[in-house]
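Thanks for coming. I will take a few minutes to go through one model, starting with a question for you to settle by looking at it.

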Amino acid sequence: MIVAVLCYINLLNYMDRFTVAVFISSYMVLAPIFGYLGDRYHRKRLLCLGIAFWSAVTLGSSFIPKERFWLLLVTRGLVGVGEASYSTIAPTIIADLFVSDQRSRMLAFFYFAIPVGSGLGYIVGSKVKDLAEDWHWALRVTPALGVVAVVLLVTVLREPPRGAVERHSDSPLRYTSWAADVRALSRNLIFGLITCVTGFLGVGAGVEISKRLRRTNPRADPLVCAAGLLGSAPFLFLALVCAQGSSVATYVFIFIGETLLSLNWAIVADILLYVVVPTRRSTAESFQIVMSHLLGDAGSPYLIGVISDRIQRGRPPSYLLEFHSLQYALMLSAFAGVLGGGFFLATALFIQGDRKRAELSTQGLLPEETEPEERIVVPKRGRSTKVPVSSVLI
């Protein structure tokens with residue numbers, strides 16, 4: 001029940017995030033602060049305060065007149081308070097309730113709220129705005145659901161002791177200073193730093209390469225995406241193969257592989273927008289977010305864990321076996337990259353026609369598609385036949 005409540009709040013989190021998303025600055029600044037508080041103080045109270053504040057600010061932002069647009073930006077920025085409190089604390093509660101496979105399953109359930117909430121944010125925001133004929137009402141849905149979330153937190157959530165399911169003694173955990181925490185964590189952050197740098201380089205390079213190739217090849221966008229995925233696969237595979245022998249080689253291959261992976265991020269968003277007419281773009285964005293997360297980060301950690309567990313089954317446990325089982329399971333990512341590259345190559349065959357149809361439809365030069373009506377054809381001559389009464393009535 002606790003995981004279900006936390007999943008529900010995560011759903012609201014991403015619904016609100018993708019209604020009007022300008023909170024990221026405060027979110028980045030406040031996340032480390034709530035990380036510090038979440039490791040030292042009562043997490044349930046922090047969650048309740050954060051979500052209550054987030055709901056109040058979101059509701060208040062819906063009453064701001066258009067002359068005070070700057071105030072809307074400020075209030076949407078303050079939404080980061082609630083976002084930071086929840087995103088940093090909720091997973092730690094799940095970690096203190098479950099271990100091993102159960103923890104993986106519960107986290108997978110928890111993170112499924114990312115694609116669902118993201119998609120609902122676009123859909124609900126768009127539809128509520130259309131029904132009310134006022135975009136302010138799109139910001140009044142999640143605060144009401146946020147009140148429900150606070151009530152559920154108060155009545156259902158029982159905060160577990162930190163590390164309770166992982167310790168074998170009742171001795172209290174020893175807390176260290178925040179500076180000591182940061183020093184200890186910095187030794188594990190090399191992969192995160194590589195991801196940040198390669199993401200920056202890959203996105204910029206992908207856009208620039210695609211822009212230059214478009215001058216000579218109208219299929220440049222999907223071809224660049226295909227090249228990035230297909231090119232990243234061997235480097236990611238080599239990174240896993242070299243993991244046991246050389247950490248330096250592993251990080252080099254990861255750097256190259258992640259840079260190539262990142263080539264498609266901005267291009268995919270551009271493709272989605274120019275092959276869809278303006279009146280359907282929000283819905284298209286929602287489907288793209290749902291499918292990308294559903295087939296990607298929402299379920300993939302659990303899938304990798306399942307494969308790793310299957311490899312270990314029936315064998316004597318050892319550190320080396322755990323290492324190799326995860327190594328083999330992660331190799332699936334390289335093959336997924338090849339599959340994705342193949343789909344982008346297939347996309348290149350249709351991209352021109354789809355883009356042209358969207359442009360003509362937007363300009364009013366292409367008649368809107370309508371659903372074909374079923375018609376009953378009555379022959380002028382020929383043999384008689386039995387016709388269902390329902391068809392005659394229709």
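Is Glu 208 buried, partly exposed or exposed? Glu 208 counts as partly exposed, at 31% relative accessibility. On this scale, buried means under 20% relative accessible area, exposed means over 50%, and partly exposed lies in between, with a 1.4 Å probe and protein chains only.

Some ground rules. This is a predicted model, in which local features need pLDDT of at least 70 and side-chain atom pairs count only at pLDDT 80 or more, while totals for chains, interfaces and linings use all residues. Residues are numbered from 1 along each chain as its sequence is written, and side-chain values use heavy atoms, with hydrogens and water left out.

Back to Glu 208. It forms a salt bridge with Arg 212, with 3.0 Å between the closest N and O atoms. By salt bridge I mean a side-chain nitrogen of Lys or Arg within 4 Å of a carboxyl oxygen of Asp or Glu. Both residues sit in helix α9, residues 190-213, four residues apart, or about one turn. Helices here are DSSP runs of H or I with at least four residues, strands are runs of E with at least two, and both are numbered from the N terminus. An α-helix has 3.6 residues a turn, so residues three or four places apart point the same way. Lys 211 joins Glu 208 and Arg 212 in a network of salt bridges.

Helix α15, residues 319-362, holds Glu 359 and Arg 355, also four residues apart, about one helical turn. Their side chains meet in a salt bridge at 3.4 Å, N to O. Glu 359 is partly exposed at 32%, and Arg 355 is partly exposed at 30%.

How many salt bridges does a search of the whole structure find? It finds seven. One of them joins Arg 43 and Glu 159, at 2.8 Å, N to O. Arg 43 lies in helix α3 and Glu 159 in the loop between α7 and α8, so this pair ties together parts 116 residues apart in sequence. Arg 43 is buried, at 1% relative accessible area, whereas Glu 159 is partly exposed at 23%.

Helix α3 covers residues 43-61. Its buried residues include Leu 46, Leu 47, Ile 51 and Trp 54.

Last, the surface. Leu 193, in helix α9, is exposed at 58% relative accessibility. That is all I have.

Terms used. Expected span 1.5 Å × (residues − 1).
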